[in-house]
Amino acid sequence: MADLTTDFLGIKSPNPFWLASAPPTDKEYNVRRAFEAGWGGVVWKTLGSDGPPVVNVNGPRYGVIHGADRRVLGLNNIELITDRPLDVNLAEITRVKKDYPDRALIVSLMVPCEEEAWKEVLPKVEATGADGIELNFGCPHGMSERGMGAAVGQVPEYIEMVTRWCKKYYSKPVIVKLTPNITDIRAPAEAAKRGGADAVSLINTINSIVSVDLDAMCPEPSIDGKGTHGGYCGPAVKPIAMSMVSEIARAPATAGFPISGIGGVTTWRDAAEYITLGCGNVQVCTAAMTYGFKVVQEMISGLSQWMDEKGHTSIQDFMGAAVPNTTDWQYLNLNYVAKASINQNDCISCGRCFAACEDTSHQAIAMSDDRKFSVVDAECVACNLCVEVCPVEGCITMVPQTAGSVDPRTGQTVDGSYANWTTHPNNPGACAAE
Amino acid sequence: MTSSMTPGIAANRLGQDELANNFADLHMPLQPHEVKVAADRCYFCHDAPCVTACPTDIDIPLFIRQISTGTPEAAAKTIFDMNILGGMCARVCPTEELCEQVCVREVAEGKPVEIGRLQRHATDTLMAQDAHPYKRAASTGKKIAIVGAGPAGLSCGHRLAMLGNEVMIYDANPKAGGLNEYGIAAYKSTNDFAQSEVDWLKSIGGITIENGQGLGRDIHLDQLASDFDAIFLSVGLSGVNALAIDGSEKDGVQDAVKFINDLRQSNDLATIPIGRNVVVIGGGMTAVDAAVQSKLLGAEQVTIAYRRGRDAMSASRYEQDLAASHGVKLLFNAQPNAVLGNGAATAVEFEYTAQNAGKLSGTGEMIQIAADQVFSAIGQTLNADVDLKLEGRKIAITGAGRTSRAGVWAGGDCASGGNDLTVTAVAEGRDAAMDIHETLMGAA
Ligand SMILES: Cc1cc2nc3c(=O)[nH]c(=O)nc-3n(C[C@H](O)[C@H](O)[C@H](O)COP(=O)(O)OP(=O)(O)OC[C@H]3O[C@@H](n4cnc5c(N)ncnc54)[C@H](O)[C@@H]3O)c2cc1C
Ligand SMILES: Cc1cc2nc3c(=O)[nH]c(=O)nc-3n(C[C@H](O)[C@H](O)[C@H](O)COP(=O)(O)O)c2cc1C
Ligand code: SF4
Ligand code: SF4
Ligand code: SF4
């Protein structure tokens with residue numbers, strides 16, 4: 001079995017699966033049970049300053065986008081940071097870390113944007129023996145209205161400033177958790193790095209309204225007839241998060257900067273994908289909230305099986321492996337030609353590929369009177385729509401056309417060489433090779 | 001050319017193609033798309049009822065999740081960790097009375113997650129790879145004798161070998177596997193699966209199987225006790241209850257287990273003689289298997305006659321329906337009175353029964369059913385003369401298979417308790433192995 005041990009910023013954990021700062025890591029009871037279930041680490045539910053804790057709403061906090069069979073695809077919440085007293089949390093953290101020295105325990109923090117506030121709280125956190133801190137610059141609701149969370153995370157200068165304070169008053173690793181509610185994720189990541197952060201983690205939740213009650217005329221979850229936007233997470237946000245991760249991994253200013261990947265990790269495969277895009281580990285919230293702590297067992301067995309199959313002996317072996325292949329559109333090979341192909345043995349004749357292609361794509365699927373569906377190569381642009389709407393996985397595949405063959409759509413011979421938009425004759429800005 | 005209509009008992013009632021078709025897998029392996037759809041239906045329930053209902057406590061939600069994330073091999077490990085004969089159990093478990101009966105989707109929609117077939121998909125995938133998935137622990141220097149190479153003995157032996165012990169399995173039959181090899185209906189275990197499973201299981205190492213060794217005949221308990229550190233008895237129920245009615249000595253009257261045994265060992269199903277009219281007496285899985293397989297061999301009329309009502313039948317409703325769907329007639333509340341015929345059976349006479357004050361008795365009304373062949377399936381019995389305390393007609397056990405004699409454990413059909421299922425035998429063998437190992441290690 002492959003070695004899943006992870007060293008992230010010098011913090012060791014038996015596997016790369018950490019629970020993200022959220023209800024699953026809200027208290028000692030949860031965290032102990034999470035460690036017993038096999039989680040490699042946790043980021044404790046975000047702590048605030050000493051004094052009266054925040055209060056949460058007493059009505060519904062969550063809304064969900066469901067897939068078929070009520071599968072949870074996206075989760076929206078309007079919960080705030082911890083509503084438990086600081087000293088209680090710190091005492092619990094101290095106890096848990098002592099009992100689980102081999103697991104990663106990170107303390108998430110969100111205090112006002114003043115040096116004094118950080119100077120006040122950080123020594124207390126240091127005293128718990130926790131392995132590091134994560135700065136919650138991401139919470140998109142409630143806390144941002146008070147000048148914290150996303151309100152800080154959207155201003156790179158603030159990120160840099162607060163990170164500096166943390167490095168000044170705290171000796172262990174500082175992770176900056178980024179909000180996705182921003183146009184260019186590279187700016188806050190660079191700011192964190194400039195401020196001396198040891199890593200970034202992303203994403204926190206995305207501003208969202210998941211549904212509207214059409215009788216009450218109120219967004220949901222509705223609290224006594226009113227609703228507000230919440231933070232969106234779960235499988236639905238994974239593509240957004242991975243794109244942001246890849247941008248940070250590719251940007252020259254932040255390339256190689258440690259990243260903890262968060263957003264929709266539900267299976268071993270999601271985790272492997274994040275790691276190939278440059279993450280040193282992953283954090284999970286919604287999957288645990290949907291299926292319970294036990295869900296980590298599949299992540300562990302699956303990742304380890306896949307690594308064995310691929311001959312990877314450690315996470316390091318494939319970390320960032322997909323980054324060099326993540327590029328800009330203009331560098332994609334325009335000489336590459338593929339055609340869809342339907343495996344008639346697997347086809348169940350539902351006609352979804354036909355409807356999709358005929359109505360909204362390139363009229364490249366033919367339907368016979370006896371419901372046989374086949375690809376018309378002379379029309380197929382290889383858009384992949386049919387592949388994705390087909391209910392049978394693997395029934396339609398994209399077949400690369402061999403160099404030298406003629407593409408019946410364009411009448412041109414498939415060229416085996418590489419040529420992209422930058423040199424394409426149709427590109428007004430193309431610089432012809434001289 | 002013979003056919004279903006040929007009178008008396010005859011071979012070759014059906015052609016080879018039809019026979020091959022009849023004896024193919026009862027449930028075909030799931031195809032990739034079916035696997036996806038079936039696995040997708042599992043809710044990953046907490047403290048799942050299906051797990052509680054599985055006698056071997058397989059973590060069903062976990063293995064199904066592992067299948068749906070594209071790692072059937074990891075799923076198979078989850079299964080084998082608890083049930084090393086998970087491959088056979090996936091084929092033979094009456095899931096409709098076990099895991100699938102209590103699946104929340106059975107309760108909610110009348111359509112359970114297809115646990116058994118998904119289990120088969122996972123185990124078949126891993127077993128098709130060459131490497132055995134388990135390694136043995138460092139040698140303990142302990143030697144354990146197991147008598148009976150059925151599911152209980154094999155499960156016990158594998159677990160003990162894995163824990164570092166040397167295992168010697170003796171079996172009276174020429175082949176290992178117990179009823180997996182000699183009893184289970186042919187359409188449940190196709191392609192010689194029982195033997196390939198034994199070979200696969202043995203490939204962990206540390207297990208020797210000696211066939212043709214009968215306890216009380218070639219080997220003896222006292223001798224084993226002095227040669228080995230512990231003994232596990234898993235001899236099953238290889239004796240049969242005799243049909244004690246007039247005419248039961250007539251030609252054509254046979255024990256159902258023997259008939260199935262011959263069928264399972266046959267290289268050419270066409271050569272098996274089968275009656276045009278077959279009557280099977282009994283109400284369990286053996287009766288159903290004998291009746292269905294008679295039909296599949298080409299018998300024209302097959303009747304299962306059971307002395308009590310449908311609800312009391314130990315074959316599940318699913319098994320009853322399986323029989324009915326093959327054209328087997330189910331006759332309830334009829335007890336056999338005599339086999340009729342001049343030298344060879346031609347009919348069985350039954351008397352209808354009724355419950356009177358909780359007691360079953362004949363009503364006096366008689367019925368005759370034509371029968372060239374009569375299979376008796378009225379229960380099996382312990383067939384090993386061992387000087388151990390019995391409970392009823394089985395070896396009395398306490399805890400994880402401890403018998404009345406120190407150092408001797410028992411499990412599977414031959415031991416008290418249990419429900420005479422393959423999966424239960426596997427669970428008992430595994431648990432006894434753990435207890436034997438812990439006992440020997442404690443004593444070391
Ligand atoms: C016809 C039939 C169909 C069945 N169908 C199903 C089914 O579909 N699903 C299901 O779950 N269960 C089924 N069962 C029940 C299931 O087969 C048994 O519960 C299971 O095989 C019990 O396992 P075991 O290891 O205890 O005994 P067995 O499988 O009976 O194995 C006992 C072994 O001990 C050996 N042995 C016996 N006496 C001696 C001796 N004196 N010395 C040495 N060796 C000896 C035998 O040769 C045999 O190999 C069926 C049973 C029968 C008879
Ligand atoms: C109910 C809820 C509360 C959360 N609270 C916090 C929080 O206190 N601090 C924080 O940094 N992130 C918080 N998050 C965000 C998660 O840590 C995580 O970044 C996000 O859910 C994306 O991961 P996922 O798709 O695995 O859920 C919360 C998320 C949810 C659903
Ligand atoms: S969508 Fe897939 S299954 Fe349906 S007709 Fe097209 S190829 Fe066949
Ligand atoms: S072993 Fe049998 S009862 Fe247990 S899960 Fe598998 S099929 Fe169900
Ligand atoms: S009860 Fe059914 S749905 Fe629930 S875990 Fe078991 S198989 Fe899955």
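User: Which atom of ligand 2 lies 3.1 Å from a backbone N or O atom of A:Ile203?

Analyst: An oxygen atom of ligand 2. Keep in mind that this is a predicted model.

User: How much of ligand 2 does the protein bury?

Analyst: Taken alone, ligand 2 exposes 610 Å². The protein buries 99% of that.

User: How many residues surround ligand 2, and which are the closest?

Analyst: There are 23 residues around ligand 2. The closest are A:Ser21, A:Thr46, A:Lys177, A:Gly264 and A:Thr286.

User: What does A:Ser21 do at ligand 2, in terms of distance?

Analyst: A backbone N or O atom of A:Ser21 sits 2.7 Å from an oxygen atom of the ligand. A:Lys45 has a contact as well, through its side chain. There, an N or O atom is 2.9 Å from an oxygen atom of ligand 2.

User: New topic. Where is A:Phe17?

Analyst: A:Phe17 is in strand β3 of chain A, which covers residues 17-19.

User: Is A:Phe17 buried or exposed, and why?

Analyst: A:Phe17 counts as buried because its relative accessibility is 0%, and the cut-off for buried is under 20%.

User: What does A:Phe17 touch?

Analyst: Leaving out residues up to four places away in sequence, A:Phe17 touches several residues, among them A:Trp39, A:Ala271, A:Val282, A:Met299 and A:Leu303. Take A:Val282: 265 residues separate it from A:Phe17 along the chain. Yet their C-alpha atoms are 5.6 Å apart.

User: What share of contacts in chain A joins residues 24 or more positions apart?

Analyst: Such pairs make up 70% of the contacts with a separation of 6 or more.

User: Now helix α7. How many residues, and what span?

Analyst: Helix α7 of chain A has 13 residues, 238-250. From first C-alpha to last, the helix reaches 18 Å, close to the 18 Å expected.

User: Which residues of α7(A) are buried?

Analyst: They are A:Lys238, A:Ala241, A:Met242, A:Met244, A:Val245, A:Ser246, A:Ile248 and A:Ala249.

User: Zoom out. How many helices and strands does chain A have?

Analyst: Chain A has twelve helices and 22 strands. Of its 434 residues, 49% count as buried. The C-alpha trace spans about 75 × 60 × 50 Å along its principal axes.

User: What radius of gyration does chain A have?

Analyst: Chain A has 25 Å. A compact globule with 434 residues would be near 22 Å, so the value agrees.

Definitions and conventions:
Residues are numbered from 1 along each chain as its sequence is written. Chains are lettered from A and ligands numbered from 1 in the order in which they are written. This is a predicted model: local features need pLDDT of at least 70, side-chain atom pairs count only at pLDDT 80 or more; totals for chains, interfaces and linings use all residues. Side-chain values use heavy atoms; hydrogens and water are left out. Helices (H or I, at least four residues) and strands (E, at least two) are DSSP runs, numbered from the N terminus. The expected span of a helix is 1.5 Å times one less than its number of residues. Buried means under 20% relative accessible area, exposed over 50%, partly exposed in between (1.4 Å probe, protein chains only). A residue is near a molecule or strand if one of its heavy atoms lies within 4 Å of it. A polar contact is a pair of N or O atoms within 3.5 Å; within protein, one must be able to donate a hydrogen and the other to accept it, and residues adjacent in sequence count only if both atoms are side-chain atoms. Accessible areas come from the Shrake-Rupley method with a 1.4 Å probe; for residues, only the protein chains shown count as cover. The radius of gyration is taken over C-alpha atoms; the globule rule is 2.2 Å times the number of residues to the power 0.38. Contact means heavy atoms within 4.5 Å.
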